[in-house]
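This report describes a two-chain assembly, beginning with a surface feature and ending with the overall chain figures. The sequence and structure follow.

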Amino acid sequence: MPRFARSTLDRFALGYGAAFLAAFALLFASAQPALDALVAHDTRRTVEAEVEGLREIRANEGDAGLRRALAQRIAHPIDPAAVYFLLDPAHRLVLGAAQRLPPAMRWRDGWMAWRAPDPEGAVVAYVQRFADGSVLVAGHDEREQERLMRALALVGWCGLALLAGTAVLLGLGLRRSIDAALRGPLDTADRVAAGRLHERVPIAGSDDAFDRLGTTINRMLDRIEQLVDGIRRSTDAIAHDLRTPLTRLRTRLENLRDTTPCDTASAQSDAAIADADRLLATFQSLLRLARIEGGPTPALPVVALDGVAADAVELWQAVAEGAGLRIEAVLEPVTVAGDRDQLFQLVANLLDNAVKYTPAPGRVRVALRSVAAGVELEVADDGPGIPATDRERVFDRFVRLEAHRGTEGSGLGLSLVRAIAVRHGATIALRDAQPGLAVLVRFPRMN
Amino acid sequence: MRVLVVEDDAVIADFLARGLAEAGHQVHRSERGDEGQFLAETERWDALILDRMLPGRDGMAILDALRAAGNDVPALVLSSLGDVEHRVQGLRAGADDYLAKPFALVELLARLDALVRRREGATREITKLRVADLEMDLLRRTVRRGARVVELQPREFRLLEYLMRHAGQVVTRTMLLEAVWDYHFDPQTNVIDVHISRLRGKIDRGEPQPLLQTVRGSGYLLGER
């Protein structure tokens with residue numbers, strides 16, 4: 001199927017056009033023979049009247065009168081298409097134009113038709129034989145009729161072509177207006193899919209099918225927003241409700257440790273407190289994640305991202321050196337619209353991962369640059385990297401790759417990075433740094 | 001210190017009262033906002049601990065009223081609303097510090113001490129800080145331990161300055177992140193520890209008396225043991 005006809009709309013437009021043309025062609029096809037018959041009938045009536053008139057003249061004025069009348073009519077025809085012949089009993093032409101007769105002619109009574117050689121054209125005539133053997137032929141040249149039919153056919157074809165053109169234009173116009181009407185819902189759906197849950201389809205107020213589509217989609221979006229809010233609130237509630245008993249647990253353990261003089265008990269309580277702290281930290285991160293993902297997007301102030309990145313690098317520099325790694329930073333002075341603390345968290349989490357998973361001696365590269373689409377942050381390491389099959393998964397909550405089991409961390413680091421990126425309208429891509437992993441975060445241009 | 005606690009949740013109020021008493025403070029409690037405000041206005045306190053959601057009068061409204069009347073008693077606001085936005089809002093409204101519930105008692109006590117100390121320090125112009133034989137010159141930006149000059153990076157200097165300003169008090173990691181690095185975020189690993197270790201190496205190594213101590217489960221403390 002050619003490319004332009006593959007869509008439903010195109011097929012609809014084509015079908016529509018084809019039906020239109022077929023109807024027209026049918027109309028025409030049925031009109032033409034009807035018209036033809038009508039004109040033929042008319043011609044016969046005329047010829048009959050002529051013959052009747054001529055018969056009367058012969059009856060009243062005899063053969064001589066007939067010849068006179070015929071000669072008159074041939075010389076000065078009222079109807080230029082009229083054709084007359086008079087033949088003697090031996091069927092030799094007495095009056096009439098010989099060139100209008102075909103070479104051999106067998107005359108029969110009644111209606112006859114032939115094609116005259118000069119000028120070329122059909123002739124319809126009535127043959128009247130008289131008692132004395134002479135033959136009167138009165139008829140009508142069909143040239144006009146033929147010309148009419150040809151003109152009609154031309155009109156028909158032109159009309160068909162015009163109609164075809166109109167149908168195509170109409171079809172295209174229809175398709176364009178449907179595309180335009182659908183743009184509203186499609187654009188809104190795109191924006192919602194990108195994370196802006198508050199977007200709604202604009203309703204034109206005309207109550208047509210598109211408005212109903214828009215209204216229904218909006219109702220669906222309301223429901224989705226409600227559900228997402230519900231999830232966020234229940235995650236919040238769960239984390240909140242669990243933090244309180246955990247905190248109490250921790251406090252009790254602290255009291256136990258402080259009041260028990262025994263060293264082993266002390267060591268155990270310390271370990272238990274450390275566990276409780278890790279759990280609390282995980283809940284804290286979960287809550288933060290839920291808030292960032294579910295919260296409304298307020299107007300964000302302008303942040304010097306290079307300063308934030310530099311601070312994060314500085315903070316992790318000590319840890320990196322302790323682990324035998326180098327952090328290299330190439331930061332262009334760029335600004336984005338954002339939340340300073342969240343952006344710091346984003347860079348920090350990426351650095352944290354890079355430092356954690358790169359063996360010594362290794363290198364972590366942090367780059368910040370201005371690109372056509374906006375601002376690009378890159379954090380790359382030369383560690384083991386992430387296999388291509390896992391690159392989508394790692395952003396989900398609590399995902400720890402098999403290779404990393406046992407290392408410190410809650411599994412929420414990259415989830416937070418993604419949530420913060422989405423909140424800032426940024427995209428994240430994971431690349432193979434050959435060797436290692438490169439994380440690219442692209443922030444949109446500020447306007 | 002005389003501390004007024006205005007908190008309607010009995011469990012948390014008990015917890016606070018007990019903790020503060022054990023730390024040597026004199027605690028007075030109120031469960032209602034209007035009563036709390038009355039007490040805050042009519043008696044002298046060293047510090048206030050205010051919950052946001054209170055029956056009678058909202059914690060933030062009480063703070064607004066106190067500040068508008070010129071009462072600048074050190075105030076720490078407690079809230080279940082732990083968003084950074086709410087924190088910023090609280091601080092702007094006149095709170096000296098803002099803590100999300102549930103909180104570790106240790107964190108609260110550390111912050112309470114810190115904010116009272118900050119107030120005291122603010123009234124005097126300090127140019128030098130001193131802890132045992134560790135001396136910091138704030139004007140010249142130099143540090144000495146006894147006769148030895150200690151070379152510090154700018155960030156390390158700020159870190160030590162904060163610790164010295166809160167000498168003898170427990171300083172939590174979160175407090176350090178906020179005060180020295182000016183970010184409010186959750187570190188996934190203990191990056192601060194490494195910076196502290198380095199600082200400790202610079203000021204304590206070879207010295208008979210280590211000053212920079214780690215308080216297990218809480219944070220750090222600069223002071224004589």
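Helix α1(A) gives the most to a nonpolar patch, with 3 residues. The patch lies on the surface and consists of A:Phe12, A:Tyr16, A:Phe20, A:Leu170 and A:Leu174, which together have about 440 Å² of accessible area. Two or more residues of the patch come from each of α1 (8-75) and α2 (143-193) of chain A. Patches are built from residues with over 30% relative accessible area and no salt bridge, like charges being joined within 9 Å and nonpolar side chains (Val, Leu, Ile, Met, Phe, Trp, Tyr) within 5 Å. A salt bridge is a side-chain nitrogen of Lys or Arg within 4 Å of a carboxyl oxygen of Asp or Glu. Accessible areas follow the Shrake-Rupley method with a 1.4 Å probe, and for residues only the protein chains shown count as cover. Helices (H or I, at least four residues) and strands (E, at least two) are DSSP runs, numbered from the N terminus.

The model is predicted: local features need pLDDT of at least 70 and side-chain atom pairs count only at pLDDT 80 or more, while totals for chains, interfaces and linings use all residues. Residues are numbered from 1 along each chain as its sequence is written, chains are lettered from A and ligands numbered from 1 in the order in which they are written, and side-chain values use heavy atoms, with hydrogens and water left out.

A:Leu174 is partly exposed, with a relative accessible area of 34%; buried means under 20%, exposed over 50%, and partly exposed in between (1.4 Å probe, protein chains only).

Between the chains, helix α5 (residues 305-322) of chain A packs against helix α8 (residues 191-204) of chain B at an angle of about 75 degrees, with the axes 8 Å apart. α5(A) is therefore roughly perpendicular to α8(B), the class for angles of 65 to 115 degrees; under 35 counts as roughly parallel, over 145 as roughly antiparallel and the rest as oblique. The contact involves A:Glu314, A:Leu315, A:Trp316, A:Ala318, A:Val319 and A:Glu321 of α5(A), and B:Val191, B:Val194, B:His195 and B:Arg198 of α8(B). Contact means heavy atoms within 4.5 Å. Axes are lines fitted to C-alpha atoms, for helices over the stretch in contact, and angles run from 0 to 180 degrees between N-to-C directions.

A:Ser266, in helix α4 (residues 263-294) of chain A, is buried, with a relative accessible area of 14%. Leaving aside neighbours within four places in sequence, A:Ser266 is in contact with A:Arg257 and B:Arg216.

A:Val302 belongs to strand β6 (residues 302-304) of chain A and is exposed, with a relative accessible area of 58%. Its C-alpha atom is separated by 4.5 Å from that of A:Ala337, 35 residues apart along the chain.

In helix α7 (residues 173-181) of chain B, the buried residues include B:Met175, B:Leu176 and B:Trp181. B:Asp182 follows α7(B) and has a positive phi, near 60 degrees.

The chain figures are tabulated below.

| Chain | Elements | Buried share | Accessible surface |
|---|---|---|---|
| Chain A | 7 helices and 12 strands | 38% of 447 residues | about 24700 Å², 59% from carbon and sulfur atoms |
| Chain B | 8 helices and 12 strands | 51% of 225 residues | about 10400 Å², 48% from carbon and sulfur atoms |
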